Amino acid sequence: MILDMFNLNGKVALVTGARRGLGLGIATGLAQAGADVFGVGTGDMAPCKAAVEAAGRRFDSIKADLTSQEPLDKIVEACIGRFGRIDILVNNAGIIRRADSIEFTEQDWDDVMNVNLKSIFFLSQRVAKLMMEKGSGGKIINIASMLSYQGGIRVPSYTASKSGLVGITRILANEWAKHNINVNAIAPGYMVTDNTEALRNDPVRSAEILVRIPAGRWGEPGDLAGAAVFLASGASDYIHGFTLAVDGGWLAR
C-alpha cells in the first residue's frame, strides 16, 4: 500500500534546532510517522521530548552551539550511542542577523554562515560517512528559505547562506545518490518563528507580506511536517537534489 511508504517505524532522525519552532514541528511529524528522534538545540528540549514521547517514540538530545564545528563529533557520537544509527538528518538549525548591508559586520556575517552553511555541510559529511558504512542509505533534509530564491533586505549573510544551501543540497545529491542517500531541502515560506518575530510585530511589513501570500496567513511549524515526512520516507526514494517550497503560494504570486 502506498501509505506504507511513508512509515518511518524503526528509523532514527537527528534533528538540529529541535528545541522550538520549525525544528519542533518537524520532529513531531517524524515521530508521529514512527521515527525515534535525537534533538540538537541550545536550550531546554522539554517541549520536543514531550511531543515525541506523546507520539509513542523514543527521544534523547544534546545541547550544542553550531557556530563552531567543535560539537559535531559529539552530536553524532551521542546519537549513535543512544540509538545505534542515524537514518534521517534534518539540518534545521539556523540564525539570522539584521542590518543594512552598508553597515553589516564581519562577526554577523561569520556567525550566520557558520551555523547556516558550514556546520550543515560538515555535519552532513559526518552522517553520510556513517550511512555509507552502514550500506543502507539514508535521508538528509536541509531547511532552506524563501531567501534561497530572493534577495530580501537587511539580511545579507542569511540570504547568502540560504542561497548557498540550495547549491550544497544539489552537489551532495549528485555525489551521494549512488550510495542511496537522498539529499533534498525544504524552503519554508514566512513562518511563525523567532526569526520572523520582528517582521510579524511590524504592522506595515506584516501586512505587506500577508497580502502576497495566497493562503492569507503566516505558516505554522506544523505545516512543514508533511513535507519532512515525505522527504524522510521511502516515498521520496527517487527524489534527489530538489528544494520543496512550503510557502502558502508565495513563490507562485
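In the predicted model, helix α1 (residues 21–32) packs on helix α8 (residues 225–232) at an angle of about 55°, and the two axes lie 8 Å apart. The angle makes α1 oblique to α8. The crossing is right-handed. On the α1 side, the contact involves Gly25, Ile26, Gly29 and Leu30. These residues meet Ala225, Ala228, Val229 and Ala232 of α8. By class, the contact of α1 with α8 holds six nonpolar and two polar residues, and no charged ones.

Helix α8 is mostly covered, with six of its eight residues buried. The buried residues are Ala225, Ala227, Ala228, Val229, Leu231 and Ala232. Their packing partners are α1, β4, β5, β6 and β7.

Helix α1 also packs against helix α2 (residues 46–54). Here the angle is about 20°, and the axes are 8 Å apart. An angle under 35 degrees counts as roughly parallel, and α1 and α2 are therefore roughly parallel to each other. The crossing of α1 and α2 is right-handed. Leu24, Ala27, Thr28 and Ala31 of α1 make the contact with Pro47, Cys48, Ala51 and Val52 of α2. Seven residues of this contact are nonpolar and one is polar; none is charged.

The sheet is open and has seven strands. Their order is β3-β2-β1-β4-β5-β6-β7, with parallel pairing. Strands β3 (59–63) and β7 (243–246) stand at the edges. Each has a single partner strand, so one side of each is left without a neighbour in the sheet. Neighbouring strands are turned against each other by 20° on average, direction ignored.

Strand β1 (residues 12–16) pairs with β4 (residues 88–91) through three bridges. The two strands run parallel. Alanine 13 stands opposite isoleucine 88 of β4. Strand β1 is also joined to β2 (residues 36–41), in this case by five bridges. That pair runs parallel as well. Leucine 14 stands opposite phenylalanine 38 in β2.

Strand β1 is mostly covered: five of its five residues are buried. In a regular strand, side chains alternate between the two faces of the sheet. In β1, Val12, Leu14 and Thr16 point one way, whereas Ala13 and Val15 point the other way. All of these residues are buried.

On the α4 side, the contact is made by Asp108, Trp109, Val112, Met113, Asn116, Leu117, Ile120, Phe121, Ser124, Gln125, Ala128 and Met132. On the α5 side, the residues are Pro156, Ser157, Tyr158, Ala160, Ser161, Lys162, Gly164, Leu165, Ile168, Leu172 and Trp176. The contact of α4 with α5 divides into 15 nonpolar, six polar and two charged residues.

Two single positions were examined further. Isoleucine 75 lies in helix α3 (residues 72–83). With 0% relative accessibility, isoleucine 75 counts as buried. Leaving aside residues up to four places away in sequence, isoleucine 75 touches Leu14, Phe38, Val40, Ile62, Ala64 and Leu66. Among these, Leu14 is one of the buried residues of β1, and Leu14 and Phe38 stand opposite each other in the β1 and β2 pair. The C-alpha atoms of isoleucine 75 and serine 61 are separated by 8.8 Å, and the two residues are 14 residues apart along the chain.

Serine 148 has its place in the loop between β5 and α5. Its relative accessibility is 14%, and serine 148 counts as buried. The cut-off for buried is under 20%. Not counting residues up to four places away in sequence, serine 148 touches Lys162, Ser163 and Val166. Lys162 of α5 also takes part in the contact with α4.

Conventions:
Residues are numbered from 1 along each chain as its sequence is written. This is a predicted model: local features need pLDDT of at least 70, side-chain atom pairs count only at pLDDT 80 or more; totals for chains, interfaces and linings use all residues. Side-chain values use heavy atoms; hydrogens and water are left out. Axes are lines fitted to C-alpha atoms, for helices over the stretch in contact, and angles run from 0 to 180 degrees between N-to-C directions. Helices (H or I, at least four residues) and strands (E, at least two) are DSSP runs, numbered from the N terminus. Angles under 35 degrees count as roughly parallel, over 145 as roughly antiparallel, 65 to 115 as roughly perpendicular and the rest as oblique. A crossing is left-handed if the near helix is turned anticlockwise from the far one by less than a right angle, and right-handed if clockwise. Contact means heavy atoms within 4.5 Å. Ala, Val, Leu, Ile, Met, Phe, Trp, Tyr, Cys and Pro count as nonpolar, Asp, Glu, Lys and Arg as charged, and the others, Gly among them, as polar. Two strands pair if DSSP finds at least two bridges between them. Buried means under 20% relative accessible area, exposed over 50%, partly exposed in between (1.4 Å probe, protein chains only).
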